[in-house]
Amino acid sequence: MMVGRILATLTNRPAGALLLALQLSKSANCLMTTKSSNGDLYRHDGVRITHDPYAVGMTEKYGVPGKTDREGFDPYADTVGAGIYGGIVKRHAESGEIIIGRQYQNHNPRPGPVYAGGGYTPSTEMLDDIDGKMVPL
């Protein structure tokens, strides 16, 4: 019923489609976050989100809700992928040393290990299957 009223109201305005998309994306985001009575946002596991995922510049840098880079930072769910934490890093061909430079998505402005792409390191992936891979170690 509420969606019907929103559709009727917004689609008759010049910016109606954009406003409707924003309203629906914020509504869909409730699957990832919960808003408390005082306006604080919480992840699905109960951790409070301390940043504003809808702040100016977030969509330009990270994408819209549901369309973020899975290997980077998702400000709406407050999660990070392999490009930010636990991913395969670039190494010097001869020495094997980790290359330090601009971090993935420039998430941390300080130089750090450069993400090589390709997902998580094997040791990080083992954490997902403790009984099958970690116990024998």
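Modeller: Strands are DSSP runs of E, at least two residues long, numbered from the N terminus.

Colleague: How many salt bridges does the structure hold?

Modeller: The term covers a side-chain nitrogen of Lys or Arg within 4 Å of a carboxyl oxygen of Asp or Glu. By that rule there are two in the structure. R43 also forms one with D45, where the closest N and O atoms are 2.7 Å apart.

Colleague: Which residues are numbered how, and what does the model leave out?

Modeller: Numbering starts from 1 along each chain as its sequence is written, and side-chain values use heavy atoms, without hydrogens and water. Because the model is predicted, local features need pLDDT of at least 70 and side-chain atom pairs count only at pLDDT 80 or more, while totals for chains, interfaces and linings use all residues.

Colleague: Is D78 buried or exposed?

Modeller: Buried means under 20% relative accessible area, exposed over 50%, and partly exposed in between (1.4 Å probe, protein chains only). D78 has a relative accessible area of 19%, so D78 is buried. R43 is partly exposed at 21%, and D45 is partly exposed at 45%.

Colleague: What is the phi of D78?

Modeller: D78 is not a glycine, yet its phi is positive, about 60 degrees. Q105 is not a glycine either, and has a positive phi of about 60 degrees. The loop that holds Q105 lies between β7 and β8. With a relative accessible area of 15%, Q105 is buried.

Colleague: Where is the place of N108?

Modeller: N108 is found in the loop between β7 (100–101) and β8 (112–113). Its relative accessibility is 24%, so N108 counts as partly exposed.

Colleague: What does the side chain of N108 reach?

Modeller: A polar contact is a pair of N or O atoms within 3.5 Å; within protein, one must be able to donate a hydrogen and the other to accept it, and residues adjacent in sequence count only if both atoms are side-chain atoms. Here the N108 side chain reaches the backbone nitrogen of R110 at 3.0 Å. As for I84, it is 24 residues from N108 along the chain, and their C-alpha atoms are separated by 8.8 Å.

Methods. Helices (H or I, at least four residues) and strands (E, at least two) are DSSP runs, numbered from the N terminus.
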